[in-house]
Amino acid sequence: MGQALALAQTVLYITAPNPRVGCVIVRDGRVLGQGATQPPGGPHAEICALRDAAARGESVAGATFYVTLEPCSHYGRTPPCVDAVVAAAPGRVVVAMGDPNPQVNGSGLARLRAAGIPVTTGVCFQEALELNAGFAARMSRGTPWTWIKMAASLDGRSALHSGMSQWITGAPARADGHAWRARADVVLTGMGTVSKDDPQLTVRDVAVPRQPRKAVVDGRLQISESARLFDGAEVWLFTAHDDPVKAARLARRNARVIVLPGPEPGRVDLAAMMRWMARNHVNEVHVEAGAGLAGALLSADCVDEIVAYVAPVLLGDALGMVKLPMLSHLDGARRFDFVDVHAVGKDVRLRGRFPDRWQTLQTAATPR
């Protein structure tokens, strides 16, 4: 299963909106075939592994299939993988996590069992879910898995009062941050960051076969039509202000304006934005934004994780990472579980996750 997970890791950037899946077929400790899910429309991991075994001249009857996700049992862009697995007559199928897609959700495992094939589930479950948290979230709750990437000093400051923040962390941490950008389907920022930094929002420090989509929360549709992020790739602009004339001009820059007004004037309905992205097949959202949007997303319950890079430096009187309402009691604090602490160059990457959101995801992906 570890080898199947490693195969799934190799397709981290290319399978969306499909999950990242690996499959290894083994008999007597020898690999007969292996594969990973290809880009949408291409074969899934089980089919790739079966084709690999056939190319090697191997018979897989009676062998053990290790697959990181329950074989699909429905017709989508490709036929059901479970039919091909059953036809191959394996001796056993070992599955890491269930498929929370309502069109599957246990039916793939049921088909295997009905065919008399022994099934073992839950092997390396957590590792498989880490690879496919976004897919599981979109399928089970109708919103993407979303993290906010932050960079801060040891005293929790993200920029000077002048707005200067380049660079608090070192080059290795910035490159690691680009790896997190690369795995996401969407890189999201706010109008304040666009105005101050004029970012490109592209992946530059990691070799990738595709760039994630760029998106901006711009409540009053004030974005400059000459912003650097308009580089030919489609950009999503979420706004509360309906301006068909400007929207038409922005369309010529390949920008799509999505009007989602919230209850406050000039504010985007952030929860509706996340649901809209899920309906448009977004699994994972990487947020790089100022303290205002970061706080608004947290307040709107739109955040699952924080990915924070902390530098060994003190900035003193400077801007914080996030703007949230003042608390009157510690009981109101938003509490995370640390799930990873990792040295990156001279800096440290901390990952904090809302435990209840992860628990809900685990329940949705538990094999049936």
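Q: What area is buried between domain 1 and domain 2?
A: About 850 Å², with 46% of that from carbon and sulfur atoms. Buried area is the accessible area (1.4 Å probe) that two parts lose on being put together, summed over both.

Q: Which residues of domain 1 lose the most area to domain 2?
A: Tyr13, Pro17 and Glu130, together 65% of what the domain 1 side buries.

Q: What kind of model is this?
A: A predicted one: local features need pLDDT of at least 70, side-chain atom pairs count only at pLDDT 80 or more, and totals for chains, interfaces and linings use all residues. Residues are numbered from 1 along each chain as its sequence is written, and side-chain values use heavy atoms, with hydrogens and water left out.

Q: Where are the domains?
A: Domain 1 is 1–131 and domain 2 is 143–354; the bounds come from an automatic or database domain assignment. Their centres, taken over C-alpha atoms, lie 34 Å apart.

Q: How many salt bridges between domain 1 and domain 2?
A: Three. The cut-off is a side-chain nitrogen of Lys or Arg within 4 Å of a carboxyl oxygen of Asp or Glu.

Q: Switching to helices. At what angle do H10 and H11 pack?
A: About 80°, with axes 9 Å apart; H10 is residues 270–279 and H11 is 291–299. That makes H10 roughly perpendicular to H11 (65 to 115 degrees). Helices are DSSP runs (H or I, at least four residues), numbered from the N terminus. Axes are lines fitted to C-alpha atoms over the stretch in contact, and angles run from 0 to 180 degrees between N-to-C directions.

Q: Which residues meet there?
A: Leu270, Met273 and Met274 in H10 meet Leu293, Ala296 and Leu297 in H11. Contact means heavy atoms within 4.5 Å.

Key. Helices (H or I, at least four residues) and strands (E, at least two) are DSSP runs, numbered from the N terminus. Angles under 35 degrees count as roughly parallel, over 145 as roughly antiparallel, 65 to 115 as roughly perpendicular and the rest as oblique.
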